[in-house]
Amino acid sequence: MLVVDGLTCRFGAKAAVDDASFQVSPGGFVGVIGRSGAGKSTLLRSINRLVTPTGGRILFDGVDVTALRGKDLRQWRARSAMIFQQFNLVGRLDVLTNVLMGRLATMPAWRSLTQAWPEQDKALAMSALEQFDIATLAAQRADQLSGGQQQRVAIARALVQQPDIILADEPIASLDPRNTKVVMDALLRINKHFGITVLCNLHSLDLARSYCDRLIGMAAGRVVFDGAPSALTDHVARELYDLEAADVMGAVPVPAPEGVPALGTAAAA
Amino acid sequence: MSRHPEVDAAQLRARHPDVFSRPASARLATPAMIAAALALLVFGLVDLDFSPSRLAAGVSQLGWITMMMIPPDPGSSLPLYLKALGETLSIALLGTTLAAVFALPVGLLAARNVVPSTILRFPVRRVLDSIRGVDTLIWALVWINVVGLGPFAGVLAIAVSDFGAFGKLFSEAIEGADQKQVEGIRASGGSALHEIRFGLMPQVLPVIAGQVLYFIESNTRSATIIGIVGAGGIGLQLAEQIRVLEWQKVSFLILMILVAVAAIDFISGKLRFAIIGRRAVA
């Protein structure tokens, strides 16, 4: 059970996340929606502690995650696996090593630093790659893969962390429609087969509605909607997204030209 | 009927006075700068005894020396020269390698994305700056007095002066690394050491390897120069032969150096390409 209680993250005077409170029960597929800059990213990053919150608490199974330090913090980061918009793989390392990065928190430093990976961990990594049909790419450099393949490697890395929760920060924003489906399906499979909670930032409302069983809407750092996708009416969506509403709900109207703008009076006498 | 808008110069001048009448100072700035630069050049020539007649007299001397150099001939000293050239190459290689080995950890300490604290980073950077501020030649003179004449002093001179240069270059390469890749390691539960080993090093090592190879090449030349002041190698032979006016040997030595530098240049170019293009397992 993840409990976010009055979470606030300030950068200078601006509050990226402002007094956010919600709970997520195990096994849920929760979408976090809202416009760009609403604080979705900061929310996820503060749960993984890539960002240090300035106020409030995050509890996981009763443990105060916001107070963790050192080895405990690293263990928590492994348990709350992040997936990023830009994949955040190490481009010059091969795919297998990238996936094995998910095992760093479980082994002594001498093993990882000398790349003496335990046989069991390698097997775990290969099995994760097999699940996403990219086992044949294990020896390739990560930066030679397509975006969709890279994101699947990143999901495999998250999976070998054997996480309790997966935090996906706009996982499909850099992908084309076909890869979008591949990656979202992969997340859904992890969620349904392994019962791992998924907390997923999404810009597209259509995707959020079709994949998530609960939506959390954010605006200006605050949680303004929390409920089932069916409860999210077009009216609420319009308030959430304001001017961007049309973009995220599919129908994109083409802005009509409004005639040639008048020239400045100084030039056209 | 004109298709172009009419221009009322008087009105535009009234609206944008500063565009139309630039102040005298702005108009005179460029000619004044050129005049000042010319005056400085003339002053420098006079003050440093620049004399065309001496140059003319010297040119004939230069021509004569060149004539004396032909054909290049090592006499009976070829084995000695080859050994000296090998010594120079060893000085360059050892000195650069030592410098790189010590500069890598220090470069990490001087990089903003590894040590965010300015207070901790500042002294490291200043030490590197100070070391770099003293030329290799001066370090050679210092080390000759500390450890005596010979190649050991040469190795130390190159190691120390390049330590300063490498520290700065490495820290800049590290700062230029993509932080997202490092973040990926951190978010998976990696320690600070893991972030450096798996997040930074794979990105930075090819850059660093390229820099080290270039320095080995340029230090082959430096090692020749510091040889002249007594730090061993082929520079020592060169200085001696100039002193005793053995111009044919001098030209042979110069050709040896040119060939060696060209060879190193060729090899390091190949290596650099191989490293940057290779499939990194890091």
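Author: Leaving aside neighbours within four places in sequence, Val198(A) is in contact with Phe29(A), Val30(A), Ile166(A), Ala168(A), Leu187(A), Ile190(A) and Asn191(A). This is a predicted model, where local features need pLDDT of at least 70, side-chain atom pairs count only at pLDDT 80 or more, and totals for chains, interfaces and linings use all residues. Residues are numbered from 1 along each chain as its sequence is written, while chains are lettered from A and ligands numbered from 1 in the order in which they are written.

Reader: What makes two residues count as in contact?
Author: Their C-beta atoms, placed from the backbone, lie within 7 Å. By that rule, 29 residues of chain A are in contact with 25 residues of chain B.

Reader: Which helix of chain A gives the most to the side that touches chain B?
Author: Helix 2 of chain A, with four residues. Helices here are DSSP runs (H or I, at least four residues), numbered from the N terminus.

Reader: Why is helix 7 of chain B called oblique to helix 10 of chain B?
Author: Helix 7 (residues 136-147) and helix 10 (residues 192-228) of chain B pack at an angle of about 45°, with their axes 9 Å apart. Angles under 35 degrees count as roughly parallel, over 145 as roughly antiparallel, 65 to 115 as roughly perpendicular and the rest as oblique. Therefore helix 7 of chain B is oblique to helix 10 of chain B.

Reader: Which residues make that contact?
Author: Thr136(B), Leu137(B) and Ala140(B) of helix 7 of chain B, and Ser222(B), Ile225(B) and Ile226(B) of helix 10 of chain B.

Terms used. Helix = DSSP H or I, 4+ residues; strand = E, 2+ residues; numbered from the N terminus. Axes fitted to C-alpha atoms, helices over the stretch in contact; angles between N-to-C directions.
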